[in-house]
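Here are a few notes from going through this one. Have the viewer open while you read.

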Amino acid sequence: MLKIQKYAAIDIGSNAVRLLISNIIELNDEPVVFKKNSLVRVPIRLGADVFLKGEISEYNQERMVDTMKAFSLLMKSHGVVRYKACATSAMREANNSEPLSKKIAETCGINIDIIDGEEEAAIIAETDLHTFIDPNRTYLYVDVGGGSTEFSIIHNGKKIKSKSFKIGTVRLLNDIVKSETWIELEKWIKENTAQYYKIELIGSGGNINKIFKISGKSIGKPLTYFYLTNYYKMLQNYSYEERITKLNLNQDRADVIIPATRIYLSAMKWSGAKDIYVPKIGLSDGIIKSIYHETVSSVTI
């Protein structure tokens, strides 16, 4: 018997806020199918407030409430039966995240779970990575966000180790990443990849997805270190305005794409990876899976 339900994931990041609605398709004893139905992205950039001033501005608080109201109505219109809202780095560090979360719960009916970096990495690991990886290979999985980046070592199809670092695109744009953090990251990557003969990268996040789309590569084919290095150099030859007008990048992508590429290239250099695979998965996909598998608490609408 065919059963289709709609689940929703709300990812409240440091750069953008996303609503992913997925169809959960079950048919007798067949493996469950997770199919994306709708994705809405709003570039609020909470991190620009929090990482510099320690709190979310009045203006962005209002935008958050309006966005959550819209998300609530969209979930209702789609007939979503379960959802999970997760907030990451910016909301973790904001002094006023608690009253804002309370206001959103009262006015929008959406309960926000502010998760730490390790839980974020664990939820991302809920994604169907096994469908994208070769179980006989070793990967460094890198999920770049606005406030933090999550790194995981995957060997023989299993996650061996994960760690979250406060190195994100919005932090880098505002020049507030300490050199010590870069040194710690380099040490972590080298220490945890040295034992493996060959490492390949898996990259997730909006910026690497955009780069992959621009490359024209077919799904399943990797980007090379050489390609990514050349693309990084090319981006730096254009001004912010030119990246919007000549490279056709959205204004909220045209600035963060450079620090994001720097993070991926650094991870490739320190791990010795020559290729990066881009399966187009991330926290939102992991939230959907975690709701289904009930590995994190979820809410019924």
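Leaving aside its neighbours within four places in sequence, which residues is aspartate 11 in contact with?

1. Keep in mind that this is a predicted model. Aspartate 11 sits in strand β1, which covers residues 2-12. Beyond the neighbours within four places in sequence, its contacts are Ala16, Val17, Arg18, Cys86, Leu283 and Ser284. The relative accessible area of aspartate 11 is 8%, so the residue counts as buried, the cut-off being under 20%.

2. Now the open sheet. It has 6 strands, ordered β8-β7-β6-β9-β11-β10, with mixed pairing. At its edges are β8 (158-165) and β10 (223-224), each of them pairing on one side only. Helix α5 (residues 117-124) packs on this sheet and touches β6, β7 (149-155) and β8. The direction of α5 makes about 140° with that of β8.

3. Within the sheet, have a look at β6 (residues 138-144) and β9 (residues 199-204): they run parallel and are joined by 6 bridges. Leucine 140 has leucine 201 in β9 standing opposite.

4. Back to α5. Its buried residues are Gly117, Glu120, Ala121, Ile123 and Ile124. Seen down the helix axis, they fall within an arc of 160°, so they line one face of α5. What do these buried residues pack against? The partners are β4 (82-87), α3 (89-93), β6, β7, β8 and α12 (283-293).

Definitions and conventions: Residues are numbered from 1 along each chain as its sequence is written. This is a predicted model: local features need pLDDT of at least 70, side-chain atom pairs count only at pLDDT 80 or more; totals for chains, interfaces and linings use all residues. Side-chain values use heavy atoms; hydrogens and water are left out. Helices (H or I, at least four residues) and strands (E, at least two) are DSSP runs, numbered from the N terminus. Buried means under 20% relative accessible area, exposed over 50%, partly exposed in between (1.4 Å probe, protein chains only). Contact means heavy atoms within 4.5 Å. Two strands pair if DSSP finds at least two bridges between them. Axes are lines fitted to C-alpha atoms, for helices over the stretch in contact, and angles run from 0 to 180 degrees between N-to-C directions. The arc is that of the directions from the helix axis to the C-beta atoms.
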